[in-house]
Amino acid sequence: MQHHGVTIAGTGSYVPARVLTNHDLAKMVETSDDWIRTRTGIEERHIAAADEPTSALAYEAACRALDAAGMKAEELDYILVATFTGDNIFPNTGCYLQKRLGAFNAAAVSIEAACTGFLYGLELAANLIRSGNYRNILLVGAEKISSLVDWTDRNTCVLFGDGAGAVVLKQTTPGHDCLKSVKLGADGRYTDLLRTAAGGSMKPLTVEDVASHQNCIKMEGREVFKLAVNAMVGSSRAVMEKAGITHDDIRWVIPHQANLRIISSVGKYLEVPEDKVYINIQRYGNTSAASIPIALDEIVRSGQVKRGEYLLLTAFGAGLTWGASVIKW
């Protein structure tokens, strides 16, 4: 028996109104526009308002994706939010988003795979549809990373931004499936390289922890860089082989936007020309689980991908987690 097919019926994205430039950051910590640009490729990032939680960002992206799909929120039967900056530790942010949308016919849940969250969510959503149990799934990658940034740490505060990207996945006829291949991975031996040190059950938050920013992002940048490139390249090669395509068949590589040097290295090792590697890190910084769906939405809305063309998505994040997937648009 053939499985049900899966198609992406609509995309959407949203970033908050406030823009924080490198020049703004140079007034806050000891850094400079040149230092940030040359090491990261970032020029500016968007920062959510105090009363704008992750679910609010997700809502805006979700509305745009639903509109593009020609669907109403009540038609959804599953909501999946990839985030590590949820509105609260619990309830899950999928429920907060469901409430904002009024999508009360849907199941709602969040997953946490950091920057790889959208790719983890993509395979989960696709398989839920293939099972025949669900027809219309909203998948959102959304982050308010500014809420976990130590604004006194110049090595990390320059990297991150807030935003959300969404896709509506729909059941279609068997044999027609846009998600051609997926390869996900993780290695928990590297949990200490990128994490928050306090705020969970391992180390519940104290007043002292907040004062010393132990609830904020900590990162060992050099080690992460090398592991990121190797994992993204390895998983990308695996999904191209599984899909039966080569780098020549790819219209766009859409990498997680963490660092321009990482993105450039991945493109080089995959032998994909620079003009086929999508880059928007200069405008948004690292928006974690939101970065790939934001980029996808930009490509779709600007008409830079045609039906039948191949997209290669690849990401790497805390956990360590990583993955890649091939989509036939």
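Student: At what distance from the ring centre does Lys268 lie over the face of Tyr269?
Tutor: This is a predicted model, in which local features need pLDDT of at least 70 and side-chain atom pairs count only at pLDDT 80 or more, while totals for chains, interfaces and linings use all residues. Residues are numbered from 1 along each chain as its sequence is written, and side-chain values use heavy atoms, leaving out hydrogens and water. A charge sits over a ring if NZ of Lys or CZ of Arg is within 6 Å of the ring centre and within 35 degrees of the ring normal. Lys268 lies over the face of Tyr269, and the distance from the ring centre is 5.3 Å.

Student: Which residue has Arg154 lying over its face?
Tutor: Here the charge belongs to Arg154, which lies at 5.6 Å from the ring centre. The ring under Arg154 is that of Trp35.

Student: In what order do the four strands of the open sheet with E8 stand?
Tutor: Helices (H or I, at least four residues) and strands (E, at least two) are DSSP runs numbered from the N terminus, and two strands pair if DSSP finds at least two bridges between them. The pairing in this sheet is mixed, and the order is E8-E13-E12-E11.

Student: Which are the edge strands?
Tutor: An edge strand pairs on one side only. That is the case for strand E8, residues 179-186, and for residues 250-255, so by these pairings the edge strands are E8 and E11.

Student: Which helix packs on the sheet and touches E8, E11, E12 and E13?
Tutor: Contact means heavy atoms within 4.5 Å, and directions are compared through lines fitted to C-alpha atoms, for helices over the stretch in contact, with angles from 0 to 180 degrees between N-to-C directions. Helix H5 (residues 117-130) touches E8, strand E12 (310-317) and E13, and makes about 130° with E8. The helix that touches E8, E11, E12 and E13 covers residues 221-243 and makes about 150° with E12; this is H7.

Student: How many residues of E12 are buried?
Tutor: Buried means under 20% relative accessible area, exposed over 50% and partly exposed in between, with a 1.4 Å probe and protein chains only. In a regular strand the side chains alternate between the two faces of the sheet. In E12, Tyr310, Leu312, Thr314 and Phe316 are buried on one side, and Leu311, Leu313, Ala315 and Gly317 on the other. E12 is mostly covered, and the number of its residues that are buried is eight of eight.

Student: Do E12 and E13 pair in the parallel or the antiparallel sense?
Tutor: E11 and E12 are joined by five bridges and run parallel, with Ile250 opposite Tyr310. E12 and E13 pair over eight bridges, one of them setting Phe316 against Trp322, and their sense is antiparallel.

Student: Which residue takes a positive phi in the hairpin of E12 and E13?
Tutor: This hairpin has three residues between the strands. The positive phi, near 145°, belongs to Gly319.

Student: What is the handedness of the crossover from E4 to E5?
Tutor: Strand E4 (residues 78-82) and strand E5 (residues 107-111) pair in the parallel sense over five bridges, and the chain goes from E4 through helix H4 (residues 93-101) to E5. A crossover is right-handed if, with the strands pointing away from the viewer, the path from the first strand over the helix to the second runs clockwise. This β-α-β crossover is right-handed.

Student: How many aromatic pairs are there?
Tutor: Rings of Phe, Tyr and Trp (its six-membered ring) pair if their centres lie within 6.5 Å, and planes under 30 degrees apart count as stacked, over 60 as edge-to-face and the rest as tilted. By this rule the count of aromatic pairs is two.

Student: Why is the pair of Tyr78 and Tyr134 edge-to-face?
Tutor: Tyr78 and Tyr134 have their ring centres 4.9 Å apart. Tyr78 counts as buried at 15% relative accessibility, whereas Tyr134 is partly exposed at 23%. The pair is edge-to-face because the planes stand at 80°.

Student: At what angle do the ring planes of Trp252 and Tyr278 stand?
Tutor: Both Trp252 and Tyr278 are buried. Their ring centres lie 5.5 Å apart, and their planes stand at 90°.
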